[in-house]
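Me: I have a structure open and would like to go through it piece by piece. Can you help me read it?

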Amino acid sequence: MMRAVADPTLADLARARAVVAAHLAPTPLVEIELPDGRPAWLKLDSLQPGGSFKIRGALAAVSAYAAAGAPMITASAGNHGLGFAHAARRLGVAATVVVARTASPAKLEALRRLGVDLIVHGDSYDDAERHALALADGGRVFVSAYNDPHVIAGQATWAAEVAEQLGGERALIVPIGGGGLLAATVLAADGSRVVGVEAAASPAFSTAIARGAIVEVPVAPTLADGLAGNLEAGTITPRLVAGRAEIASVTEAEIADAMRFLALRCGLVVEGSGAVGVAALLSGRVAVAPPARPIVLITGRNVAAATLGAVLAAPSPGMSARDVLGLVDLLGEHGIAVWLDGGWGVDALLGRQTRPHGDLDIAVRHGDVPRLRAALAARGYEERSRPDTSPWNFVLADALGHEIDVHSFVFDEKGDHVAGIDYPAASLTGTGTIDGRPVACIAAEYVVQFRSTYEPRERDYEDVFALHERFGIALPEVYARRYRKS
Ligand SMILES: Cc1ncc(COP(=O)(O)O)c(C=O)c1O
């Protein structure tokens, strides 16, 4: 049965503002510098009681429904449950939280610590929500984490606080789960640009906007566990947002990058769901041109120690010999020929690893690219956006930061190069070994030739000298000059 849910009214917004102001101090708004030197402002709702912004909506909703005197129930991926439990305790109301068995251990543990009436049910957020709705039919008030006028009114209070903290032209950037926060931000934006950021692994909201209807989508595992799940039938949030906000989406590798950046460069513990806005700025998926100022709501800090540890431990695992052979085997199983280029290509030619490699460069026939993408996607590799990305040149990365730099080319029937990265047919004749296993690579003469088309970096000198010494390949002038000196 579809619940009838009213839109938030101006009176709801005003009441929520009063309740939230009575219980919570405004969270700090801090200026940071992005790696490209541009500023961004982070609104630290990760410091709220319960560890996320969710206490705003929970306080507003619990206080609005308390007058009816009925017990309340909610379903949650964890954070709303925590906010709800805190709000219920402050306001002296009986509350039940339903979460899935698969909820983040950090959130389950925090809920248990709070001593809320907790029901652990089902294997996904969707299961937990269905169960809570069924239980609510027995006379409890169901307080949705996102599909509720008072919850939305409560979430809107962050934007009202920002308006008092920073003037000028603003772009408000928030994560999207059920879209309650995004709908709230649209309502409170007061003319500011609004951007919602989704985890690509869980595209329920963007799909609802694109189709103009709520449809069930598959949800993949994601670091942004708080954003994962489908939308309750009849959810009001897509309608409130449609045409009034931009929607971006970020990959797992981009979320992991943002979590590392926030921890190591900004001193902030932020869960994946709370980091998607920063991920969108770091990856360039969202651009904010001055004088507008990007303001990102950092929505939560509830990340399991093991997850945070794994993300932090892998800033750049690099590509080991084992990684490379595993990928060559995988592509071989799919009948996709690749030639190793870059640092690994040189080391394969030399038959030994001379230094650690941050990534793996491969050349591939352009016609094989769709199958290559599919085979690697099944291993968790997704495209990482780069300023120089093109159909011929792109980077695939996994959540741990392994990177594959793909270069594709097209030959005509005669075997002449006609499009893409300029690999002459003769350049695709190299063979080398990694850990004694034969692999195809770019031929040594061509590696040397390619590396004389730009100002050499230190590692280019090392690679070209090694190829010269091993294979007797003549040194191009720029290399010969340095070689004579050394
Ligand atoms: C940390 C965090 N950020 C953002 C969201 C998204 O909020 P909404 O469901 O209102 O879109 C959630 C939802 O649980 C969350 O836990």
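Me: Which helix gives the most to the shell around the ligand?
Reply: This is a predicted model, and in it H8 gives the most to that shell, with 3 residues.

Me: Which helices each supply at least two residues of the shell?
Reply: They are helix H3 (79-91), helix H8 (180-188) and helix H12 (272-283).

Me: And which residues come nearest to the ligand?
Reply: Of the 21 residues around the ligand, Gly177, Gly180, Gly226, Thr299 and Gly300 come nearest.

Me: How do the residues of the shell divide into nonpolar, polar and charged?
Reply: There are 12 polar residues, 8 nonpolar ones and 1 charged residue in the shell around the ligand.

Me: Switching to domains. What does the domain assignment give?
Reply: The assignment gives domain 1 (15-52 + 151-313), domain 2 (55-147) and domain 3 (321-485). The shell around the ligand draws at least three residues from each of domain 1 and domain 2.

Me: How many Å apart are the C-alpha centres of domain 1 and domain 3?
Reply: Those centres lie 38 Å apart. The contact between the two takes 10 residues from domain 1 and 8 residues from domain 3.

Me: Where does the largest share of the domain 1 side come from?
Reply: Helix H11 (residues 252-266) provides that share, 4 residues. By class, the side of domain 1 that touches domain 3 has 4 nonpolar, 3 polar and 3 charged residues.

Me: New topic, the open sheet. In what order do its 4 strands come?
Reply: The order is S5-S4-S3-S6, and the pairing is parallel. Strand S5 (117-120) and strand S6 (141-142) are the edge strands, each pairing on one side only.

Me: How many bridges are there between S3 and S4?
Reply: Strand S3 (residues 72-76) and strand S4 (residues 95-99) pair over 5 bridges. Methionine 72 stands opposite alanine 95 in S4.

Me: Which helix lies across S3 and S4?
Reply: That is H3, running at about 155° to S3. H3 also supplies at least two residues of the shell around the ligand.

Me: Last one, isoleucine 32. Which strand is it found in?
Reply: Isoleucine 32 is in strand S1 (residues 29-33).

Me: Why does isoleucine 32 count as partly exposed?
Reply: Because isoleucine 32 has 17 C-beta neighbours inside 10 Å, and a residue needs 20 or more to be buried and 12 or fewer to be exposed.

Me: What is isoleucine 32 in contact with, leaving aside neighbours within four places in sequence?
Reply: Its contacts are Ala40, Leu42 and Cys266. The C-alpha atoms of isoleucine 32 and leucine 42 are separated by 7.4 Å, and these residues are 10 residues apart along the chain.

Key:
Residues are numbered from 1 along each chain as its sequence is written. This is a predicted model: local features need pLDDT of at least 70, side-chain atom pairs count only at pLDDT 80 or more; totals for chains, interfaces and linings use all residues. A residue is near a molecule or strand if its C-beta atom, placed from the backbone, lies within 6 Å of it. Ala, Val, Leu, Ile, Met, Phe, Trp, Tyr, Cys and Pro count as nonpolar, Asp, Glu, Lys and Arg as charged, and the others, Gly among them, as polar. Domain bounds come from an automatic or database domain assignment. Two residues are in contact if their C-beta atoms, placed from the backbone, lie within 7 Å. Two strands pair if DSSP finds at least two bridges between them. Axes are lines fitted to C-alpha atoms, for helices over the stretch in contact, and angles run from 0 to 180 degrees between N-to-C directions.
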